Amino acid sequence: MTSPTKAGAADTLTGGPRRRHAYRGAPLPLLVPALIGLAFLVLPLVALLIRAPWSSMPDLLTSTEVWQALQLSLVCATAATAVSLVIGVPLAWLLARVEFPGRGLVRALVTLPLVLPPVVGGVALLMALGRNGVVGKWLDAWFGITLPFTTTGVVIAEAFVAMPFLVISVEGTLRAADPRYEEAAQTLGASRFTAFRRVTLPLIAPGVAAGAVLAWARALGEFGATITFAGNFPGRTQTMPLAVYLALQNDPEAAIALSLVLLAVSIAVLAGLRDRWMTAS
Amino acid sequence: MMQVTGVGAAALLALSACSSSDDDSSKGSGSDASASSSPKLSGEVTVFAAASLKESFETLGKEFEQAHPGTKITFSFGGSDALAASITGGAPADVFASASPKTMKIVTDAGDNAIDPATFVRNQLEIATLPGNPDKVASLKDLTNKDLKVVLCDKTVPCGAAAEKALTASKLKLTPVSYEEDVKSALNKVVLKEADAAVVYKTDVKAAGDKVEGVEFPESADAINDYPITLLKESRNTDTAKAFIALVQSAEGQKVLTAAGFLQP
Amino acid sequence: MSDVEKKTISYDVQAPSADGLDARLVVERGSFRLDVALSAKPGDVVALLGPNGAGKTTALRALAGLVPLTDGHLRLDGTELDRTPPESRPVGVVFQDYLLFPHLTALDNVAFGPRCHGASKGEARAQAAVWLDRMGLTTHASAKPRRLSGGQAQRVALARALATHPRLLLLDEPLAALDARTRLDVRAQLRRHLADFEAVAVLVTHDPLDAMVLADHLVVVEEGRVVQQGTPADIARHPRTDYIAHLVGLNLYRGQADGHTVHVESGSTVTTTEHLTGPVFVAFPPSAVTLHRDRPTGSSARNFWRCEVAGLETHGDQIRVALGGELPLAADLTTVAAAELDLHAGAVVWATVKAAQTHAYPA
């Protein structure tokens, strides 16, 4: 991603030395802002690496709290993504394929967690699923289930903020997918659900994968809703973002170390995802 | 509870306050060097204060503004540790009142204070339970009951440090369901009835009125927090800021603070 | 069904009742109303022919169950299918752009139907292999649809539809997506497959040649209604609408017959060899028309009209002249003849046709 061959192209125009590979990349008005955008996103990460307390890193990283928080973060983010897939994909299908009155309103409601401040989301979850919540009250009374302060609570909070990403991504893909394949499947004897399962789902798989990755990343970084709904307890509800936040007040170096760990793990996972799994072939 | 994610919000708030205070102090004539005989105070002052000081400081702030028309006191409440971190990180503020010498030390170690901090009140811990105390909590030991959902402040927060001190001193092992990031969050969990009890300050119990019921415990006497207050070097309006600090430390200020449940220094 | 069948193309007969198709399809879509009656015996190939927007595809989709009937009935082999969902109908469809599932190989595409009907993966694949063999596509069994040529994809689509042993096979413009050269071969192959298909086949097309070659029975649909039906030869010789006439390349007129004279609607008369009275159609091909620069005198032709040239266009290796005037008609000339007559827009010519070359029939 370097821009030096602009000179090469100019040379060719003026009849200068011809390069073997003419520069056929992006036009300047697009390239320059793109590079600025890249620098903008990468600079804070680079700064983190530069200012990291490398010498004291081993000590900082050997505490059990760090690995507890990391493990919890990964497990909860993955669980939240799984939940989002199971209920989000059908929801996306409903919004994309079934015409019903008020569909636009429902779509707006589904994407509400995207604009809601996470802490507000956490409070709302408490109102709904807390010990005295609208639904939580009955969960407690009938099943003895309370969700706040539990790992399940973390998964719920993370799923709440992450699912809209998945729903939007999958709905977009479904709309773009040709519904006639489902018709073809029906004429071959497939029920609507079988057609969905064996034809539509494989065709939208890249969109679903992309949505799942977005959801996973969002869930991993969630803070406000988690701390409000599930609280903060090491090993049970203290995810990495919470650990970083609390460490920051006390011991900024530890906070940086934790941030780097989270960063490294996230990059490893996201970079490991192949481009071709995410885009329609 | 909303001001909790306050590190960023506090900085933003202080920034906006600071920029307009610039305008005001350039307009106003109050803050010139001749501060000898009752100078006309004006302009904005930003106060970072521990969450437990919310109600009393807001009252004092209004009193100050009424006594000195043309002034404006803006507050940012939160966990003392978070506030200290943002001050050392460069957030512009005039006054810092923290809930423990330890958190104040973060600021003084960085050299961000203009004068030496002075203790202006002390706060004592108290247990907050659900209204009517349905679980019949009578002592610190009762909190160790496994069926109770107890919430503590995180150890990095003065309230949490004090609670830990009290628990260690009485050789009690308490496993809470959550370590909250400031005392108001901890209190709110009880107010929302999500938790059965929380270890907070006397002042918080008082401020919550009938939403919680307070239970005093003797071990709290061993873990009283001194609250220091200081003027910050970054202050753009030192006269008004100093005047506010003076109000806090005056008899009038002490009246308000004691009424809220604080102990005299 | 696990033994490999012989190469002879023969399809299993499953249903004992052999009533065939008996349908009246009424579909209302906004301001468009389709009202078409179709009937066919097992073994028949029916072509729905008509201009775009006539409602042919709607009729096909109604037969498949993809569009609900507003009214009417649909009986196949004696069973009323009107309320049955598409997946439960014994109907197979070959779509216009085939709609082969892109994520499945050709083999799995063909195996899809049998699997939906309860066959295990292995059984379904075995059946599919047999079908592909019949189509001559065994070497392409493991290819994904995007690697198949148009003709190959069409055959896979046909195999896929046939693999479920449907009692009604529907084909939507089966050759439209192919280039002219492939179309020739595929049309011939399709004709053989359809001829051997023992249940009812209905195909939709706007190409009269497809209809003529593939179908036993034509149903011409215009604006949601059946305007004419019969054998291809019948329709070609006795068109009843301008569309069909244009399609089969005839000059067509409506008029009142009075013995050998037909008074055509435009005001002129046409003399024919048939003796009829009452409302009639009269038709003659463009090739039967002769053009003269001067009014012919003493010619044996009893039909001649003064016309003006409205347009010229090449038509194969001839020139087709569009004429207006006493009787609007189309005439085919050789290029040489057209040049000799000095034809240009607006030129006045006299058109003649022998009575023996006209054909009149009751309307």
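Colleague: How many residues does the contact take from chain A and how many from chain B?
Modeller: In this predicted model, the contact takes 17 residues from chain A and 17 from chain B. Two residues are counted as touching if their C-beta atoms lie within 7 Å. There are two pairs of chains in contact, and chains A and B share the most contacts.

Colleague: Which elements give two or more residues to the side of chain A that touches chain B?
Modeller: Those elements are α7 (118–129), α12 (224–229) and α13 (240–250) of chain A. Four residues come from α13(A), which is the largest share of that side. By class, the side of chain A that touches chain B has eight nonpolar, eight polar and one charged residues.

Colleague: What makes you say that no contact joins chain B and chain C?
Modeller: Their closest C-alpha atoms lie 48 Å apart, and no contact joins the two chains. The test asks for C-beta atoms within 7 Å.

Colleague: And the contact between chains C and A: how many residues does it take from each chain?
Modeller: Chain C provides 18 residues and chain A provides 14. On the side of chain C, β6 (91–94) and α2 (106–116) each supply at least two residues. That side of chain C divides into 11 nonpolar, five polar and two charged residues.

Colleague: Let us stay with the loop between β6 and α2 of chain C, where Y98(C) lies. Why does Y98(C) count as buried?
Modeller: The cut-off is 20 or more other C-beta atoms within 10 Å. Y98(C) has 23 C-beta neighbours inside 10 Å, so Y98(C) counts as buried. Its backbone deserves a look too: Y98(C) has a positive phi of about 65° although it is not a glycine. Most residues other than glycine have a negative phi.

Colleague: What is the phi of F149(A), a residue other than glycine?
Modeller: Phi of F149(A) is near 70°, a positive value. F149(A) lies in the loop between α8 (136–143) and α9 (151–176) of chain A. With 25 C-beta neighbours inside 10 Å, F149(A) counts as buried, because the cut-off is 20 or more.

Colleague: Why is helix α1 of chain C described as largely enclosed by the rest of the structure?
Modeller: Helix α1(C) covers residues 56–64, and eight of its nine residues are buried, so the helix is largely enclosed by the rest of the structure. Among the buried residues are K56(C) and R61(C), along with L60(C) and L63(C). Just after α1(C), G65(C) takes a positive phi of about 95°. In chain C as a whole, 42% of the 363 residues count as buried.

Colleague: Why are α3(B) and α4(B) called roughly parallel?
Modeller: The term applies to angles under 35 degrees. Helix α3 (residues 80–88) and helix α4 (residues 101–109) of chain B pack at an angle of about 5°, with their axes 9 Å apart. They are therefore roughly parallel to each other. From α3(B), S80(B), D81(B), A84(B), I87(B) and T88(B) meet T103(B), I106(B) and V107(B) in α4(B). The residues of this contact divide into four nonpolar, three polar and one charged.

Colleague: What makes β13 and β16 of chain C the edge strands?
Modeller: The open sheet has five strands in the order β13-β17-β14-β15-β16 of chain C, with antiparallel pairing. Strands β13 (289–292) and β16 (329–333) each pair on one side only, and they are the edge strands. Neighbouring strands of this sheet are turned by 45° against each other on average, direction ignored.

Colleague: How many bridges are there between β15 and β16(C), which pair in the antiparallel sense?
Modeller: Five bridges link β15 (residues 318–325) of chain C to β16(C). Two strands pair if there are at least two bridges between them, so five bridges meet the criterion. Within this pairing, V321(C) stands opposite A331(C) in β16(C).

Colleague: Which strands of chain C form a hairpin with two residues between them?
Modeller: Those are β9(C) and β10(C), and E223(C) in the turn has a positive phi of about 50°. Five bridges join β9 (residues 217–222) to β10 (residues 225–230), and the strands run antiparallel. The bridge partner of E222(C) is R225(C) in β10(C).

Colleague: Where do the domains of chain C fall?
Modeller: Domain 1 covers 21–237 and domain 2 covers 262–362. Their C-alpha centres lie 41 Å apart.

How values were computed:
Residues are numbered from 1 along each chain as its sequence is written. Chains are lettered from A and ligands numbered from 1 in the order in which they are written. This is a predicted model: local features need pLDDT of at least 70, side-chain atom pairs count only at pLDDT 80 or more; totals for chains, interfaces and linings use all residues. A residue is buried if 20 or more other C-beta atoms lie within 10 Å of its own, exposed if 12 or fewer, and partly exposed in between; C-beta atoms are placed from the backbone. Domain bounds come from an automatic or database domain assignment. Axes are lines fitted to C-alpha atoms, for helices over the stretch in contact, and angles run from 0 to 180 degrees between N-to-C directions. Ala, Val, Leu, Ile, Met, Phe, Trp, Tyr, Cys and Pro count as nonpolar, Asp, Glu, Lys and Arg as charged, and the others, Gly among them, as polar. Angles under 35 degrees count as roughly parallel, over 145 as roughly antiparallel, 65 to 115 as roughly perpendicular and the rest as oblique.
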